[in-house]
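Dear colleague,

I am passing on the structure that follows, together with some notes on what was found in it. Please keep it open while you read.

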Amino acid sequence: MAEYKRSSMIAESPSGYCPGCLHALATRLVSDVLDELGQGDNSLNVISVGCSALNLLYWCGDNLSVAHGRAPAAATGIKRTNPERLVFAYQGDGDLAAIGLSEIMSAANRGENFTVIFANNQTYGMTGGQMAPTTLIGQKTTTTVYGRDPQTTGYPMKMCELISTLEAPVYVARFALNSPKGVRDAKAGIKKAFQAQLDGKGFTFVELLTNCPTNWHMTPLQTLDYMNTNTIPYFKPGVYKDKTE
Amino acid sequence: MVQINENLCKNCGYCVKFCPKKILEIGTVRNRRGQFYPVMTDEEKCITCAICATMCPEGAIEVTEGGSKA
């Protein structure tokens, strides 16, 4: 026996995301966790540029839309001036791992007391499916039409592994949203990260592996299988660092 | 009891794929957005596990205890 009720933190209308986009599921999970913690009115969503910006019309809580990649920098300022608020940055992989790499690494290294939710779909979804730093080897995008070649474009960037090498972050974890177990683990992970922030522990980072049916040119159900065979073996889900105890 | 808000549905099919009892299927009626949406074929068999609601990206499925046979 289980119950589920839709959160009031998201609008009573369909999201702006494409059908089958797990980004919408990630947003929904955050809203569910805020409801469970009773922090909906106290939360502040720092929205970045990319598909995550669709949250502007969908997210009913307080939010702030910031420049491309600068969500951790803006969240730093908000959290330092409003330490009692639950602040989280909601970023995609093009935003966080490409243009915002300096901001995220600096904020993580300073151990700022906020949470970053990182939705990794291995492509630039909003702009039409260009190669992102996290695009898998051999994956076809509009800028790597023969598949990503590491000779010229390097290797997919593993953000959880990178950030977990720093001293300051207290919780770094990655979850895949393509199965019910992954979704439940992700919800527990987000809850742990938010609780750590409320307890004033420090920087928390949750990476969620998502899909992009539109730019991967697959049906939503095909993307789930693609994630199992390609994404998850490379971006391995798990808790990379946990100093919350 | 499983309640499907058909106008939030985008017909991704995740609920149908993951239902352990295989009692959800995409129906033949379109919603306000022109999408087909899932319907329950045998409510008696529902165990209210809420896996359909867990996987729904849009939060279109709500599950409450009671109602159907649990």
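Strands (E, at least two residues) and helices (H or I, at least four) are DSSP runs, numbered from the N terminus. Because 7 of the 7 residues of β3(A), residues 86-92, are buried, the strand is largely enclosed by the rest of the structure. In a regular strand the side chains alternate between the two faces of the sheet.

Before going further, please note that this is a predicted model, in which local features need pLDDT of at least 70 and side-chain atom pairs count only at pLDDT 80 or more, while totals for chains, interfaces and linings use all residues. Residues are numbered from 1 along each chain as its sequence is written, and chains are lettered from A and ligands numbered from 1 in the order in which they are written.

β3(A) belongs to an open sheet of 7 strands in chain A, which has the order β2-β1-β3-β4-β6-β5-β7 and mixed pairing; two strands are taken to pair if DSSP finds at least two bridges between them. The edges are formed by β2 and β7 (238-242) of chain A, each of which pairs on one side only. On average, neighbouring strands of this sheet are turned by 15 degrees against each other, direction ignored, where axes are lines fitted to C-alpha atoms, for helices over the stretch in contact, and angles run from 0 to 180 degrees between N-to-C directions.

β4(A) pairs in the parallel sense with β6(A), residues 204-209, over 6 bridges, where the bridge partner of Ile117(A) is Val206(A) and Ala119(A) stands opposite Leu208(A).

**Helices of chain A**

In helix α3(A), residues 71-81, the buried residues are Ala71(A), Pro72(A), Ala74(A), Ala75(A), Thr76(A) and Lys79(A), and they pack against β1, β2 (62-65), β3, α5 (101-110) and β4 of chain A.

Helix α8(A) lies across β3, β4, β5 and β6 of chain A and runs at about 160 degrees to β5(A). The axes of α1(A), residues 22-37, and α8(A) come within 9 Å and cross at roughly 50 degrees. That makes α1(A) oblique to α8(A), since angles under 35 degrees count as roughly parallel, over 145 as roughly antiparallel, 65 to 115 as roughly perpendicular and the rest as oblique.

Ser179(A) sits in the loop between β5 (171-176) and α8 (180-198) of chain A, and because 17 C-beta neighbours lie inside 10 Å, Ser179(A) counts as partly exposed. The C-alpha atoms of Ser179(A) and Asn228(A) are separated by 9.4 Å, although the two residues are 49 apart along the chain.

**Where the chains meet**

Between the two chains, 24 residues of chain B are in contact with 21 residues of chain A, contact meaning that the C-beta atoms of two residues, placed from the backbone, lie within 7 Å. On the side of chain B that touches chain A, α1 (14-18), α2 (51-55) and β4 (61-63) of chain B are the elements that give two or more residues, and the largest share, 4 residues, comes from α2(B).

With best wishes

Key. Buried ≥ 20, exposed ≤ 12 C-beta atoms within 10 Å, placed from the backbone.
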